Amino acid sequence: MYLEKINCPDDLKKLSIENCTELAGEIRLALIQKMSVCGGHLASNLGVIELTIGLHYVFDAPQDKIIFDVSHQTYCHKILTGRKDAFVYEEKYNTISGYSNPKESEYDLFPIGHTSTSISLACGMALTRDLKGDKENVIAVIGDASLDGGQAFEALNFAGEMDSGLIVVLNDNDMSIPENHGILNKKLNELRDNHGEITDNYFKALGFEYIFVRNGHSIPDIIKALNRVKGTKNPVVVHVCTQKGRGYKFAEVNREQWHWARPFNISTGEFLCKVPDENYGAIVSEFLIDKMQRDSDIIVVAASTPLCIGFHEEKRKRAGKQFVDVGIAEQNAISVATGIAKRGGKPVFATNSTFYQRAYDQIEQEMCIGENPVTMLVTHASVFGHANDTHAGLFDIALLGNIPHLVYLAPTNKQEYLAMLNWSIEQTRFPVAIRVPWTSVYETKDEVSLDYSQTKYKVTISGKKLAVLALGSFYYLGEQVVKECKNRMDIQATLINPRFITGIDEETLNDLEKEHDLVITLEDGIVSGGFGSKISQFFSLKNVKVINYGFSMDIPKKYVPIELMKQNKLTPEKIVNEVMMLL
């Protein structure tokens, strides 16, 4: 085996090109084996193996700077740069993150988990290199889907007139997470179909030299192209055509499903942990499809993450023109949705919690200052969402919870979620965000409110001495805390479902002061700037103590959710221990 001999890129350079092709096969098998056990971004990494080998064969990292966009396709890069043990030995599978991380290796330049950034970062590094009079190559590796993002165009526009040596390697697999969208994708298709020869070449129009590699799985072809641009004094694009999921038939056929894979059986392609039939994505997609069929004003907007609300290919087809995917471009998605609302449509935008960070300005400015009634569904907003630092869904409460005019809601169960969603779509006064529960589906037989135009908390259990405000998906942790207080202290605590992240229910909080000595808040997000901080501020000059429970700002690069909860004292036992000391 060649793989066992690779401990750094210098070891790779000792191999012949023929040996490199055999190495690619060994890496492919290692990736499939590891992903079958612990899951991960399979299809994107299988498609970039030969390209990554070529990059490290030709260039001299870490002196030459290789910057991967998104960096969820860096598994092969990690193998070649001293971290192969984490892909070869099962007991070491969890020793590295799934994205580039400078704390892991000098070969990783930035912690990158979002799209469209690599060319901008490379521009900055190339500018500084030139000012210092140095000579290293600076290479930005970016996928065709990442070109959808506005920052990628901004960087290309800037780089084209830099008068500097910058290499952009375009990994073109003709896919985003689902299918690609947009006129740029059509232009890339024309380049692929015509071997890179068309009159209106997008990259040449922006001032780049252009090289086309038709077979991105031919290591000789890749090495030849990269050697041509090594040491360039001008901005150049190397357009490499690859196949997402290359070498694993199930991932080649269903590239969307295998973009990120759960543990699976290699021979059958069957996922080992099934997604429950009853999940919030499936529930809301059916709810929306039904409403859309009865109301042509409803438009679902996605930014390449339609599966987060269950809009798989069949449902996208059922929605027809009432479903719009703008590509991986969250800023554009928010502004498009705002324009829909302004014109009298009923837009529903959905994406992961972490990606809302990329569109804060559009939410705060056009949407909220203009008071345009957009519905935003915030998914994976939980410690149980993506368990790593670049995708952690723990910041959205602090991010969105303090924007004027925005109503941010946190349902606790299926019926409450659908009631909030229905109200938001039909009302015309507020921009609304809904923090989708990211737990098992809970149901209630209790009556749920149909109107959320006024901030009003829901007292579900009335008690004395202690009040527990348990937000959204942590409501059920609140139930456990109240039960534990009754068992261990013989105190019947008050339990409240706040429902609203934004705003304060002063009437309910003032009532608590009469018969309560302690208020605790529970939230599935960071404490600093979160929901609980509003409650603490409200009671700051009153005779009520407040403890906020949530997560610290120190999010590990990779974590086990239950362990992170324990570290942050988010267990019924630890919470009640503190309550006992204070009461």
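Tyr248, Phe250, Trp258, Phe264 and Phe271 form one aromatic cluster. The model is predicted. Across the whole structure, a search finds 19 aromatic pairs.

Take one pair in detail. The ring centres of tyrosine 280 and tyrosine 417 lie 5.8 Å apart, and their planes stand at 65 degrees. Planes over 60 degrees apart count as edge-to-face, so this pair is edge-to-face. The two tyrosines link distant parts of the chain, 137 residues apart. Tyrosine 280 belongs to helix H13 (residues 280-294), while tyrosine 417 belongs to helix H19 (residues 414-426). Are these two tyrosines buried or exposed? Both tyrosine 280 and tyrosine 417 are buried.

Now a stacked pair. Phenylalanine 311 and phenylalanine 323 sit 5.8 Å centre to centre, with 10 degrees between the planes. This pair also links distant parts of the chain, 12 residues apart. Phenylalanine 311 is in the loop between strand E6 (298-302) and helix H14 (313-319). Phenylalanine 323 is in strand E7 (residues 323-325). Buried means under 20% relative accessible area. Phenylalanine 311 has 0% relative accessibility, so it counts as buried. Phenylalanine 323 has 11%, so it counts as buried too.

Rings also meet charges here. In each row below, the charged end sits over the ring.

| Charged residue | Ring | Distance from ring centre |
|---|---|---|
| Lysine 34 | Phenylalanine 87 | 4.2 Å |
| Arginine 262 | Phenylalanine 271 | 4.4 Å |

Notes:
Residues numbered from 1 in each chain as written. Predicted model: local features only at pLDDT ≥ 70, side-chain atom pairs only at ≥ 80, totals over all residues. Heavy atoms only, no water. Phe/Tyr/Trp six-rings, centres within 6.5 Å; stacked < 30°, edge-to-face > 60°. Helix = DSSP H or I, 4+ residues; strand = E, 2+ residues; numbered from the N terminus. Buried < 20%, exposed > 50% of the residue type's maximum accessible area, 1.4 Å probe, protein only. Lys NZ or Arg CZ within 6 Å of the ring centre and 35° of its normal.
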